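I opened this notebook to keep track of what I looked up, beginning with the surface and then turning to the spaces inside.

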Amino acid sequence: MRSLERPKRVAKGSSKRETRTPFELGGTSIAAGTSATVNLPISRLSTHTEVTMPVRVLHGAKPGPTLFVSAAIHGDEIIGVEMIRRLLKNLSIKRLRGTLLCVPVVNAFGFIAQSRYLPDRRDLNRVFPGSARGSLAAQLAHVFTTEIIARSDFGIDLHSAGMNRENLPQIRYSPGNEKASELADVFGAPAIVTSPLRDGSLRQTADNNGCTMLLMESGEALRFDEFAIRIGVRGILRVMEHLDMGCRKQPAAAAASVRSDGSRWVRAEEGGIFRAMRKTGDMVEEGEQVGAISDPFGDVEIEVLSPLSGLIIGRSVMPVVNQGDALMHIARVSRPGTADDRLNKIEEAAIDDPLFDEDEIM
Ligand SMILES: [Zn+2]
């Protein structure tokens, strides 16, 4: 690992809590050295039942940065909910410096319906920063922007792959953001991929608000994945330690993450039955066969070849495919020579991590 400088705790403005006055959120005042759950009102369902965004605020006694950790912006991407549960078990409010805002279920509507979207089929991660008088999605984004992003110095947003896909645990950040790059290295996920900002994304709004954000991708929609959860929890703790937020000493990452500055999807040339021959986390060569598409009798077989050398960071887990479907997501890798070795070390360290002895999900 390269050596990383600890950030200076610099006063940034009255809303950033550099003084230990109480933290005010949604009409609740959280005293320094205490924690509380605040339910931010969002709307009412058609049944007139109230929908809120629950936020656990940990407001440390000592000054430090404000960090948000969020999950389920896409309602079916539930893996981050478990990461936040385990994170909270591993933190002590007594030691905490700065303020931690945990938002395990940003999109309650999608979470309840086990859907990526809001009831009007809008994608919450395309309507940021939102508006107080816009669509339901825009109003929800507005609450998150004003109550969470605008008050945070740093953020970690937890995602999984979409339906019928899986992702290798990986950190994404905006190209050119040096602070995010440093935190991505500290996190210690198997892969780091720089990816351009998308219009209307939470990440773009964080960028515009001077909030340094990492996005974690890992696992499948509607599923837990023990390996990915371990990588995520340990990574968040490492980032908090690096930001001097009063965490216990964290073990450094077992190896440097495999870095990539771009990726490509391999798509189905024709419809048929897809068999993957390589898995996420595998390194592949340009022109190497990564799968096959056949007809149901096996009479016709089309080889699926990798168009580039790199790391498989995502793939479809759905064998029934139409022409043009995305099959394998392959990231270009800058140091391919040592990548296999580093990926193995990171995987072994996560399997042996003593932090999770009591928590393992089968
Ligand atoms: Zn997502």
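Is Ile-273 buried, partly exposed or exposed? I found that Ile-273 is partly exposed, because its relative accessible area is 33%, where buried means under 20%, exposed over 50% and partly exposed in between (1.4 Å probe, protein chains only).

I noted that this is a predicted model, in which local features need pLDDT of at least 70 and side-chain atom pairs count only at pLDDT 80 or more, while totals for chains, interfaces and linings use all residues. Residues are numbered from 1 along each chain as its sequence is written, and side-chain values use heavy atoms, with hydrogens and water left out.

I placed Ile-273 in strand β13, residues 272–276 (strands are DSSP runs of E, at least two residues, numbered from the N terminus).

I then looked up the largest pocket, which holds about 700 Å³ of space. A pocket here is an open set of points on a 1 Å grid over the protein atoms alone, where a 1.4 Å probe fits, with protein on both sides within 12 Å along at least five of seven lines, and lining residues have an atom within 4 Å of a point; the volume is the space filled by probe spheres set on the points, which are joined across faces, edges and corners. The lining has 28 residues, and the closest to the pocket's centre are Arg-116, Arg-126, Arg-172, Arg-198 and Glu-217. Strand β8 gives the largest share of this lining, 3 residues.

I also searched the whole structure for cavities (sets of points from which the probe cannot get out) and found 1 of 30 Å³ or more. Among the residues lining this largest cavity are Ser-174, Arg-203 and Asp-207.

Conventions: Helix = DSSP H or I, 4+ residues; strand = E, 2+ residues; numbered from the N terminus.
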